[in-house]
Amino acid sequence: MTITPLRKIAATTLLCLSALSAFAKDAAMPPKPIAVQMYTLRHVASLDEQLKIVHDAGVRAVETVGTQNVSANELKRLLDRYSIRVISSHVQLADLRTDLDGVVAFNQAIGNTVLVVPYLGEQERPTDAAGWTALGEELAGISKRLQARGMTLAYHNHDFELVDFAGKTGLDLLFEAAGPGLKTELDLAWVARAGLDPAATLGKFRGRLFAVHAKDNAATGQAQDEGGFAPVGQGVLDWGSILPAAKAAGVQWFIVEHDQPRDPSAVVKAGADYLYKHLPADAAR
């Protein structure tokens with residue numbers, strides 16, 4: 001079929017109007033401090049596809065997992081393709097101990113300034129109060145070395161840090177020993193699984209909260225093939241009390257995550273939609 005010049009002009013005009021409409025919609029919606037933890041998308045075929053899912057969900061920030069198994073140049077190229085920035089990276093404690101220079105160089109190359117200790121293997125976990133204090137002191141030393149290079153260190157919890165030692169949890173002891181230079185990344189679903197109130201726990205870390213991991217716990221017996229987790233707002237956590245508590249505590253970022261998603265794309269979209277709808281307008285960055 002031959003397309004006349006007039007029809008070509010009309011088609012082009014429609015495309016331009018559509019693009020302008022989308023741009024106006026994006027401009028009218030101020031960006032909010034929402035990011036995606038890339039661990040959620042680890043089973044999606046390629047890094048390019050993973051970042052496209054983030055972009056298509058309307059999110060423009062991610063928390064990476066190490067190097068994402070690519071070079072810094074390749075990661076930066078893909079981030080730029082989808083207009084996504086890195087706000088933080090999960091870096092194993094062993095790498096911070098043995099290759100701090102390499103970790104810093106990689107993250108500087110992709111424009112990231114926040115490193116997060118994401119998990120302690122069983123052999124790394126303290127078993128008493130003195131051990132948690134010693135770990136906090138070690139992280140304080142690493143934090144000071146990073147601060148000298150313009151970077152920040154944070155710590156992400158699961159439930160094993162929340163065991164009680166004479167009225168203080170391991171997490172309490174770690175942060176007391178580390179001092180204010182170490183920031184907090186609270187995983188609220190794991191806080192709840194440890195039997196603690198997420199809103200109250202946020203208040204304990206007021207002023208040093210870099211971020212929260214925004215995910216939910218499914219009702220008992222549900223989503224067992226997904227580790228018992230649920231997208232934000234679709235589980236049992238009381239987000240009506242959590243979000244105001246997070247604002248009062250000074251949370252900087254809300255990071256969508258799910259440990260074992262059956263449909264990673266749907267989880268990212270649902271989490272982003274919920275946070276865009278429920279975060280207050282003054283949470284915009």
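## Basis of the model

The model is predicted, and local features need pLDDT of at least 70, side-chain atom pairs count only at pLDDT 80 or more, while totals for chains, interfaces and linings use all residues. Residues are numbered from 1 along each chain as its sequence is written, and side-chain values use heavy atoms, with hydrogens and water left out.

## Overall make-up

The protein has eleven helices and twelve strands, both taken as DSSP runs numbered from the N terminus (helices H or I with at least four residues, strands E with at least two). Of its 285 residues, 47% are buried, meaning under 20% relative accessible area with a 1.4 Å probe, protein chains only.

The accessible surface comes to about 13600 Å², and 55% of that belongs to carbon and sulfur atoms; the areas come from the Shrake-Rupley method with a 1.4 Å probe. Among contacts (heavy atoms within 4.5 Å) between residues at least 6 apart in sequence, 74% join residues at least 24 apart.

## The barrel and its helices

Eight strands close into a barrel with parallel pairing, in the order S1-S2-S3-S4-S5-S8-S9-S12, where two strands pair if DSSP finds at least two bridges between them. Neighbouring strands of this sheet are turned by 30 degrees against each other on average, direction ignored. Strand S4 (residues 114-117) pairs in the parallel sense with strand S5 (residues 152-156) over four bridges, and Leu 115 has Leu 153 in S5 as its bridge partner.

Helix H6 (residues 129-147) packs on the sheet, where it touches S4, S5 and strand S8 (182-187), and its direction makes about 150 degrees with that of S5. Helix H7 (residues 170-178) also packs on the sheet, touching S5 and S8, with its direction at about 160 degrees to that of S8; axes are lines fitted to C-alpha atoms, for helices over the stretch in contact, and angles run from 0 to 180 degrees between N-to-C directions.

Notes:
Buried < 20%, exposed > 50% of the residue type's maximum accessible area, 1.4 Å probe, protein only.
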